[in-house]
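Welcome! Take a look at the picture, then follow the topics one by one.

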Amino acid sequence: MPGLLLPGLPSGLPPGTSPVPPSGLSSGVPPGLPAGLSSGVPAGLLSGWGAGGLAGLSPGRPLHVAGPDGPWEQVHDQLAGQGHALVHTTWGQWLTAALLDPGLRSLLGRDWPRYRQTAAPEGRLRFAVSRMVLKHTAAAVLQVPADALDLAYRPGGRPHLRGLAEAEVSLAHTDELIVVGISRSGPIGVDAEPVTRRPSFELLHPYVCTPDEAAELAALGEDERALRLLHLWTLKEAYTKALGHGMRRRFSAVGFCRDEQGRTVLAGEPDGVARWILATHLVHGRYLVSSARRPPEEIESASRPAPHPLEETGLPPAATLGWQLPGSSGAQPT
């Protein structure tokens, strides 16, 4: 068996460039994070980090969709061929459509009161656009009108399409990026973070890392350690979102490694058994986007593990430290 290896990132970028975000939405570092954020990643660090990815079991790259008009053919084909689809876009690319849509109230449905009650204009925009992207993505792959879909939330904030048990959805957003995952083969979770974020290893590793992961990270240089810690965060956030636990499940209770084929797997799983398909992609050259989904054959028999006890404070790790990484749902829907 190979030793512990944190999963790597594939090289190459999906099409599309990140537009300038609308007024009030900064593409820089969100407020409230600890000091020590870099303005960029050292040259060569990403390109030299773990090429190879998932060796034949990759869920496929996120597909770039620039607006409500698509293109949606690739999204529909990805779901038809693989049982799921991943979509990414930006606030700016959907802003005009959201502001000018006369049917926005109908499209948001039961989310309309929350949209109207959000005081900050940029908060309302973030909320409306993210739900618009999610519903248009689901509508494209299910071939139904977007405003016919009823988006609801399970305990803990996990979104689901009411009355469509055969389709699971997940949503993440950070800075101007929006990511949607949809699956017809079981639970799915997605998460995203800017690669420029520099989380503190000293503060976070007891909450995010298993002992093996912490030991490997501690042996790395500062820049690579910060990037790999961020990578672990997105993987664990995506995995716990797929379980429906979100940040209520302690991340250090979940470990990842590589199997003999180089695939990212849950630590401790039997050889050759892939109970979850995990992947991380680099989007726009600026964001780590991770996804987790359960293979179809596991859906009927697999039961969800119970949440791990939280810290004595009763708060999720990020809240315990006084800050939260963007894209994390916490106890409320994102």
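**A helix lying across a sheet**

Helix H8 lies across strands S7, S10 and S11, running at about 155° to S7. Please keep in mind that this is a predicted model, in which local features need pLDDT of at least 70, side-chain atom pairs count only at pLDDT 80 or more, and totals for chains, interfaces and linings use all residues. Residues are numbered from 1 along each chain as its sequence is written, and side-chain values use heavy atoms, with hydrogens and water left out.

**The whole chain**

- The protein chain has nine helices and 11 strands; helices (H or I, at least four residues) and strands (E, at least two) are DSSP runs, numbered from the N terminus.
- Of its 334 residues, 55% count as buried, where buried means under 20% relative accessible area, exposed means over 50%, and partly exposed is in between (1.4 Å probe, protein chains only).
- Among contacts with a separation of 6 or more, 69% are between residues 24 or more positions apart; a contact means heavy atoms within 4.5 Å.

**The sheet S7-S11-S10**

- Strands of a sheet pair through backbone hydrogen bonds, either parallel or antiparallel.
- Here three strands form an open sheet in the order S7-S11-S10, with antiparallel pairing; two strands pair if DSSP finds at least two bridges between them.
- Strand S7 (188-194) and S10 are the edge strands, and each pairs on one side only.
- From one strand to the next, the twist averages 15°; axes are lines fitted to C-alpha atoms, for helices over the stretch in contact, and angles run from 0 to 180 degrees between N-to-C directions.
- S7 and S11 are joined in the antiparallel sense over seven bridges, and Asp191 has Ser290 in S11 as its bridge partner.
- S10 (residues 277-283) and S11 (residues 287-293) also run antiparallel, joined by seven bridges.
- Across that pairing, Ile277 stands opposite Arg293, Leu278 opposite Ala292, and Thr280 opposite Ser290.
- The hairpin of S10 and S11 has three residues between the strands, and His284 takes a positive phi near 60° there.

**Two covered strands**

- In a regular strand the side chains alternate between the two faces of the sheet.
- In S10, Ile277, Ala279, His281 and Val283 point one way, while Leu278, Thr280 and Leu282 point the other way, and all are buried.
- Seven of the seven residues of S11 are buried, so this strand is largely enclosed by the rest of the structure.
- On one side of S11 the buried residues are Tyr287, Val289, Ser291 and Arg293, and on the other they are Leu288, Ser290 and Ala292.
- Why does Ser291 count as buried? Its relative accessibility is 3%.
- The C-alpha atoms of Ser291 and Ala238 are separated by 5.5 Å, although these residues are 53 residues apart along the chain.

**Helix H8 meets helix H6**

- Two packed helices are described by the angle between their axes and the distance between the axes.
- For helix H6 (residues 201-208) and helix H8 (residues 222-243), the angle is about 30° and the axes are 11 Å apart.
- Phe201, Leu204 and Val208 of H6 make the contact with Arg225, Leu229, Trp233 and Lys236 of H8.

**Helix H2 and its two sides**

- Helix H2 (residues 91-100) has Trp91, Trp94, Leu95 and Ala98 as buried residues.
- These four cover an arc of only 135° around the axis, which puts them on the same side of H2; the arc is that of the directions from the helix axis to the C-beta atoms.
- Thr96 and Leu100, on the other side of H2, are exposed.
- What covers the buried residues of H2? The cover includes strand S2 (84-90), helix H3 (104-108), helix H5 (121-142), strand S5 (168-174) and strand S6 (177-183).
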